[in-house]
Amino acid sequence: MKNSIRTAEGNNKSAFAVAGHVGVGHVHSHSGFVQDDSAGFIVVAEMMREATGANTRITRVTGEASGKITVETAGGGVGTSFARRGLTPFEIELLARAIGEDAIYNQRLAVKTFGRMYGQGAMEPPVALQGAAALAALDTLRHAAPQHVAVTHEPYPELIDKMAAMRVEFAGHTVSLLLVINGSVGGVGPAEDNEGNTAYGPKAALMRQFEIDKLPTVIVESKAFNPAKADIPEPTYLVRAQKGVDNTALAIALTEAAKAKNLPCLFLDDALPAVENALTAATRQFANRLGELAKKLHDADGALEKVSLTAEIAKLVSEDAGGVTFMSNTVHKEVRSAGIVPGNAAVLSMIVPKCYAEEVKIPLLSEKEAAGYRKIIENALGNQSERKQ
């Protein structure tokens, strides 16, 4: 499979699309959900790297007291982000731990550098480092093949969002690749209206340029611990496409491809329902829980009681809030939690067993698991003789 991806030459139209994003700082969610939300970014960026020959190894990381973090790669890429409350001298010193890491594996290197990571403004330096690394990786890909890799230039207000796209020859087809970075300014965590194959602003123009808005699309998603799906013996690939809404033919092809490669895989055709006002209701429920704790704090007298209540508030904000802050309520009505526009797409992700989460706390995608995603996608698309929906 090595060197099997190359840049597409000429004016060949794409037959499929593969999209992957990173939700910068989107580690935790409600009900104990924890994830590596850079998995989609990793898989698509590695495909782009193979086609372009880019070197995404980090060679330099600098930090400033103001909170500015800059990541540079061997391939000439540069990414900059900011930690809202600045950096201590010790945090600046810690940044050197990221040197030598692969910028594509941005959540892994951020967790390795700082030990752990929380979003929603709870732990800004690692989130800012993750954002800077992802931006550096994307910039490296552009730098390696500017004639093939198109990127967005117009900024989204208060976001670090940036996208790249290119056409490659892969699995016997011309395929459009879409790489997406979603994150808030200041390292405060996820804001992911631009995830998946949603089409807003500069991203929409880029998608139209590469026909991604019309193509059967594999949306590559996170490696996650989901307590409701944790009764499994080993990390398992998960394919999702809502029956009657999404591209179930593509989902079935992905599932069959995983089985053909002897990779554990589940297929769910009822896990992405379009429930009216689901995120609005979840947001209000979270706010009510927060309000109940705030009321208890309002009436508290004892120091231990007050610190216990504020600790519970901190836990809610740093974990459960990620399940409601990651997307606008109005966007969620249409595209649901995976950012999947009805019609053309299916989602490929991973779930892990409880024992895995108990040991590592924060899931991190490995090179072997990324290769598994790649094998599934390659086999699925390679077996498609024509566009299916």
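The model is predicted, so local features need pLDDT of at least 70 and side-chain atom pairs count only at pLDDT 80 or more, while totals for chains, interfaces and linings use all residues. Residues are numbered from 1 along each chain as its sequence is written, and side-chain values use heavy atoms, with hydrogens and water left out.

**Cysteines**

- A disulfide is a covalent bond between the sulfur atoms of two cysteines.
- Going by a cut-off of cysteine sulfur atoms within 2.5 Å, the count here is 0 disulfides.
- C265 is in no disulfide, and the nearest cysteine sulfur, that of C355, sits 19 Å away.
- Seen from the other end, the sulfur of C355 has its closest cysteine sulfur in C265, and 19 Å is too far for a bond.
- C355 counts as exposed, because its relative accessibility is 52%.

**Around L266**

- L266 sits in strand β12, which covers residues 265–268 (strands are DSSP runs of E, at least two residues; helices are runs of H or I, at least four; both are numbered from the N terminus).
- At a relative accessible area of 36%, L266 is partly exposed.
- Setting aside neighbours within four places in sequence, L266 is in contact with T236, Y237, L238, V239 and I351 (contact means heavy atoms within 4.5 Å).
- L348 is 82 residues away from L266 in sequence, yet the two are 9.9 Å apart in space, C-alpha to C-alpha.

**Around H26**

- You'll find H26 in the loop between β2 (16–23) and β3 (34–36).
- H26 counts as buried, because its relative accessibility is 7%.
- Its side chain makes a polar contact with the side chain of E192, at 2.6 Å (a polar contact is a pair of N or O atoms within 3.5 Å; within protein, one must be able to donate a hydrogen and the other to accept it, and residues adjacent in sequence count only if both atoms are side-chain atoms).
- Not counting residues up to four places away in sequence, H26 touches Q35, D37, P190, E192, G322 and F326.

**Helix α3**

- Helix α3 (residues 106–114) is largely enclosed by the rest of the structure, because 8 of its 9 residues are buried.
- Among the buried residues of α3 are N106, R108, L109 and F114.

**Helix pairs**

- Two packed helices are described by the angle between their axes and the distance between the axes.
- Axes are lines fitted to C-alpha atoms, for helices over the stretch in contact, and angles run from 0 to 180 degrees between N-to-C directions.
- Helix α1 (residues 39–52) packs against helix α4 (residues 124–144) at an angle of about 25°, with the axes 10 Å apart.
- That makes α1 roughly parallel to α4 (angles under 35 degrees count as roughly parallel, over 145 as roughly antiparallel, 65 to 115 as roughly perpendicular and the rest as oblique).
- The α1 side of this contact is F41, A45, M48, R49 and T52, and the α4 side is A134, A137, L141 and A144.
- Helix α6 (residues 248–260) and helix α12 (residues 367–382) pack at about 120°, with their axes 8 Å apart.
- α6 and α12 are therefore oblique to each other.
- Their contact includes L250, A253 and L254 of α6, along with I376 and I377 of α12.

Conventions: Buried < 20%, exposed > 50% of the residue type's maximum accessible area, 1.4 Å probe, protein only.
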